[in-house]
Amino acid sequence: MPTSKPTLQKIDKVPQTLRDIVQARMREAIIDGHFAPGERLVERPLCDQLGVSRTVIRETIRFLEAEGLVEIIPNRGPIVATFTWEQARQIYNIRLLLEGSAVAACAKDQSADFAPKLSRALKALEACMDDTTWSDLLQATTHFYELIFDEAGHAIAWEVVQRLNGRISRLRALTIAAKDRDRSGMSHMTAIHDAILSRDPEVARQAVEAHIADAAKTAERLLKDSEEAHG
């Protein structure tokens, strides 16, 4: 009599490859400002610092170029991409459409177990607010939004957001550090959380609009000041 095959154990977390680790470290270094906008990314020093081959560095640079964090300049090579207000404005407009739609859908229709998951994500985000590096905070913010898009069933929209995530994270690091915002980022995130769980689509959309308008206002001032300073 045939016996049934044992069930394979589910993989809870896919192990990172060396390339994944290098990409994550380089991305964080750019977002944290370790590499300044316009700074050349020279292969040999990067190989020495990270202890990896030139092939891995080249693959990483190509990946970060696709994310918009690196530019390849003829006769100069790869540099950290500069960020203009016009580019940022377009990203904020995309976020406004996609996030506004996702939170409204999520507020209108959500599963019974969604509220505690979103509340845990908000608490995790708040716990990272005083970190001296941005990596944990940015990951917590991304997870908060991922829960919302997933609950809304907006998988394609989330794919678009993920493609922009490097530049979105760079903008977040820029605006979070500003001390003169009208409201704190945590205040905005709490308002979005509360509106979604109150099941009010219009208030949820308005909370996203207020959050993005505040961040965009800060980014515009900082980026235009930087553009003027660099001629």
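Visitor: Are helices α2 and α3 roughly parallel or roughly perpendicular to each other?
Guide: This is a predicted model, in which local features need pLDDT of at least 70 and side-chain atom pairs count only at pLDDT 80 or more, whereas totals for chains, interfaces and linings use all residues. Residues are numbered from 1 along each chain as its sequence is written, and side-chain values use heavy atoms, without hydrogens and water. Helix α2 (residues 43-50) and helix α3 (residues 54-66), both DSSP runs of H or I with at least four residues, pack at about 110° with axes 9 Å apart, the axes being lines fitted to C-alpha atoms over the stretch in contact and angles between N-to-C directions running from 0 to 180 degrees. Since 65 to 115 degrees is the range for this class, α2 and α3 are therefore roughly perpendicular.

Visitor: How far apart are the closest N and O atoms of Arg95 and Glu99?
Guide: Arg95 and Glu99 are both buried, and, being four residues apart in helix α4, they are separated by about one helical turn. They form a salt bridge (a Lys or Arg side-chain nitrogen within 4 Å of an Asp or Glu carboxyl oxygen), with a closest N to O distance of 2.6 Å.

Technical notes: Helices (H or I, at least four residues) and strands (E, at least two) are DSSP runs, numbered from the N terminus. Angles under 35 degrees count as roughly parallel, over 145 as roughly antiparallel, 65 to 115 as roughly perpendicular and the rest as oblique. Buried means under 20% relative accessible area, exposed over 50%, partly exposed in between (1.4 Å probe, protein chains only).
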